Amino acid sequence: MKPFAPQPDHSRRRFVGQAGAAAAMLTLAPGVSLIDLARAKSDDMPVSADTRWGMLVDATKCAEGCTDCVDACNDEHGLNTSDRPELDAQYIRKLDLRDRKTGKTYSLPMLCQHCETAPCVDVCPTGASFRRADGIVLVDKHICIGCRYCMMACPYKARSFVHENLTDQVPITPRGKGTVESCTFCVHRVDRGREPACVEACTQAGHNALIFGEMSDPQSNISVTAQKIATRQIRADLRLNTGVRYHGI
Amino acid sequence: MASNGGERFNLLSGSGLRFPLVVGALLVLVVLGYAAAHYMEIEGHHVTGMTNQIVWGTPHVFAVFLIIAASGALNVASLASVFGISRYKPLARISGLLAIALLAGGLVVLVLDLGRPERLIVAMTYYNFKSIFAWNIFLYIGFFLVAAVYLWMHFEPRMRDYIKPVGIGAFVWRIVLTTGTGSIFGFLVARQAYDAAIMAPLFIVMSLVFGTAVFLLFALAVFRWSGRELDTDVVTKLANLLGVFVAASLYLTATYHLTNLYITEHHGFERFILTEGGIYTTLFWLVQVGLGGLLVFAVLWTPLIGAPRRKAVAASVLALIGGAAQVYVIIIGGQAYPIELFPGLDVSSSFFDGVVTHYTPSLPEIGLGLGGVGLALLIALVGLRVLPFLPDRPATEAVDQPG
């Protein structure tokens with residue numbers, strides 16, 4: 001059974017037979033699977049629509065006050081905080097929720113949901129906001145004109161605008177004043193067969209609240225887990241088929 | 001001097017200091033506006049009041065106001081050329097000029113507020129046709145062309161027969177253009193304030209209000225300046241038309257809010273705008289509905305002010321003040337209300353989720369906006385100086401001529 005519908009066609013699944021596949025099937029720890037190593041690709045290899053990357057957030061394991069994922073993201077992408085927090089870029093942030101009727105509280109990370117039909121991609125006049133074939137939504141900083149229409153359109157408030165000149169940027173995340181940015185699913189890591197920094201940090205800290213993997217592969221950890229536990233999309237009413245799913249809310 | 005079917009048109013003449021002084025003052029405004037934009041570009045948008053929460057600020061209020069006013073400024077041309085009302089025919093040229101000037105002013109503000117305005121060429125060469133923004137780029141450029149061709153038909157005696165068809169084209173184009181501008185907001189599914197088809201007709205009616213008011217003030221001013229007199233009948237009829245447009249705008253605004261009030265999920269937003277929104281609530285009730293609505297009716301249709309010209313000026317100024325408040329409430333107020341990600345849950349975060357966002361317009365933003373207004377007026381005035389836009393006969397005498 002495929003837990004995430006609609007699914008791309010798997011008939012032309014590539015690459016699985018390459019060396020190391022057997023080892024890659026080994027699971028090192030919950031949430032950490034070497035399957036992703038088999039997905040490492042060389043720079044000249046195009047991404048495939050046979051793959052859809054996704055993330056599963058288990059809110060029951062996400063601790064209130066814990067910001068391990070946020071800290072790891074900020075370190076990975078060189079995001080700094082300033083004395084004007086309303087201007088700071090946040091690729092991932094922690095939300096604290098409280099049910100108005102019952103008083104029950106929840107804590108969970110919010111980030112770009114890497115929607116299949118992303119409103120940010122729809123509204124971008126130049127095509128700077130785009131969706132890779134494998135489902136990762138990115139901003140081409142070279143053709144972003146900084147109109148911020150995508151920020152108006154994102155239902156998840158997942159995008160930030162660079163309001164000032166930047167120094168000490170990290171090479172893997174070139175940023176530019178006057179352009180919009182958001183979570184990249186750590187595409188630089190994913191293309192090398194690694195997990196996003198937030199997922200890695202959450203797992204290393206033993207929370208295991210985040211699972212990253214191929215939603216398109218019924219055998220992947222994320223798909224297998226999603227078959228066992230109830231998951232939902234945030235603002236499912238918008239029918240965006242998000243790449244990030246939540247459990248426990 | 002130029003003529004068109006018996007009607008004579010002339011330049012805005014005069015050798016005194018008035019023209020250079022006014023043009024000089026407008027130039028100062030334009031230079032200050034450009035300086036503000038340059039400052040924002042060099043420093044980054046942190047010098048403005050805009051944040052990751054209020055992503056569109058005062059420049060967008062100015063830009064949207066000017067752009068939809070441009071569409072509405074073509075009202076008089078449409079009345080003359082599409083609906084064939086003779087009394088407006090001598091004024092059709094000014095109507096076209098004002099439309100072009102206002103659109104230029106609005107677009108300059110919009111472009112100079114971009115994070116990367118130097119990449120305008122990118123926006124002109126890369127298109128995502130699913131984006132209503134991309135469509136608007138075509139609609140704006142097309143509007144310039146259609147309005148320019150319309151003026152050409154007026155200026156070239158051999159083209160007089162084409163005034164009506166081109167006028168109809170311009171009329172359709174401006175309706176589509178304002179539909180596009182309204183749909184920038186109407187197509188936003190993310191936010192409680194927008195995501196409503198009524199945005200398109202609302203913006204069309206707003207354009208009729210702003211455009212008629214700007215036209216009345218501009219025409220009264222330049223006629224007086226050049227020693228002409230705008231016919232009282234024209235002034236009264238246009239002012240009454242303005243009142244009808246204001247009523248239509250209030251009607252659509254009421255429909256928008258009543259629809260939201262019926263739909264439970266929008267109650268939070270309506271409570272915010274209508275009762276608890278602070279500056280937005282004040283602007284909505286006091287300025288948009290009060291000054292820009294009810295007081296306009298009182299000025300026009302009670303003996304509060306007797307003289308027709310004063311009536312028209314007062315009603316136009318009030319309609320514009322109310323309209324500016326309306327655009328501010330739609331754009332800024334709509335963003336200030338937090339996006340509802342989890343209905344029924346209280347949300348908090350370090351990214352200002354779940355809270356009403358504070359926004360204060362900054363000096364550079366206001367400077368840029370005023371620069372756009374200055375540019376629009378400058379283009380219109382210089383236009384009057386170099387091409388024969390001003391009719392030499394009272395409007396009522398102009399009958400039975402083409403266009």
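How many bridges join strand β4 (residues 92-99) of chain A to β3(B), and in which direction do the two strands run? Five bridges join them, and the strands run antiparallel. The model is predicted: local features need pLDDT of at least 70, side-chain atom pairs count only at pLDDT 80 or more, and totals for chains, interfaces and linings use all residues. Residues are numbered from 1 along each chain as its sequence is written, while chains are lettered from A and ligands numbered from 1 in the order in which they are written. The predictor assigns the complex an ipTM of 0.92 and a pTM of 0.91.

**Confidence**

- Chain B has an average pLDDT (the predictor's confidence in each residue, from 0 to 100) of 94, and 96% of the residues score at least 70.
- Over residues 395-400 of chain B, pLDDT stays under 50, and the model has 17 contacts beyond four places in sequence for this stretch. Two residues are in contact if their C-beta atoms, placed from the backbone, lie within 7 Å.

**Interface between the chains**

- Chain A gives 45 residues to the contact and chain B gives 39 residues.
- On the side of chain B that touches chain A, the elements giving two or more residues are α5 (120-125), α6 (132-155) and β3 (345-349) of chain B. Helices (H or I, at least four residues) and strands (E, at least two) are DSSP runs, numbered from the N terminus.
- β3(B) provides the largest share of that side, five residues.
- By residue class, the side of chain B that touches chain A has 20 nonpolar, 13 polar and six charged residues. Here Ala, Val, Leu, Ile, Met, Phe, Trp, Tyr, Cys and Pro count as nonpolar, Asp, Glu, Lys and Arg as charged, and the others, Gly among them, as polar.

- Two strands pair if DSSP finds at least two bridges between them.
- Across the chain boundary, A:Arg98 stands opposite B:Asp346 in β3(B).
- Within chain A, seven bridges join β4(A) to β5(A), and these strands run antiparallel.
- A:Leu95 has A:Leu108 as its bridge partner in β5(A), and A:Ile92 stands opposite A:Leu111 in that strand.
- β4(A) and β5(A) form a hairpin with five residues between them, and A:Gly103 in the turn has a positive phi of about 85 degrees.

**Chain A and its helix α2**

- Chain A has seven helices and 11 strands, and buried residues make up 50% of its 249 residues. A residue is buried if 20 or more other C-beta atoms lie within 10 Å of its own, exposed if 12 or fewer, and partly exposed in between; C-beta atoms are placed from the backbone.
- Of the contacts in chain A with a separation of 6 or more, 64% are between residues 24 or more positions apart.
- α2(A) is mostly covered, with eight of its 10 residues buried; among them are A:Cys69, A:Val70 and A:Cys73.
- The buried residues of α2(A) pack against β4, β5, α6 and β10 of chain A.

- Most residues other than glycine have a negative phi.
- A:Lys157 has a positive phi near 50 degrees and lies in the loop between α4 (149-153) and β8 (159-161) of chain A. A:Lys157 is buried, with 22 other C-beta atoms within 10 Å.
- A:Asn208 has a positive phi of about 55 degrees and lies in the loop between α6 (197-204) and β10 (210-214) of chain A. A:Asn208 is partly exposed, with 17 other C-beta atoms within 10 Å.
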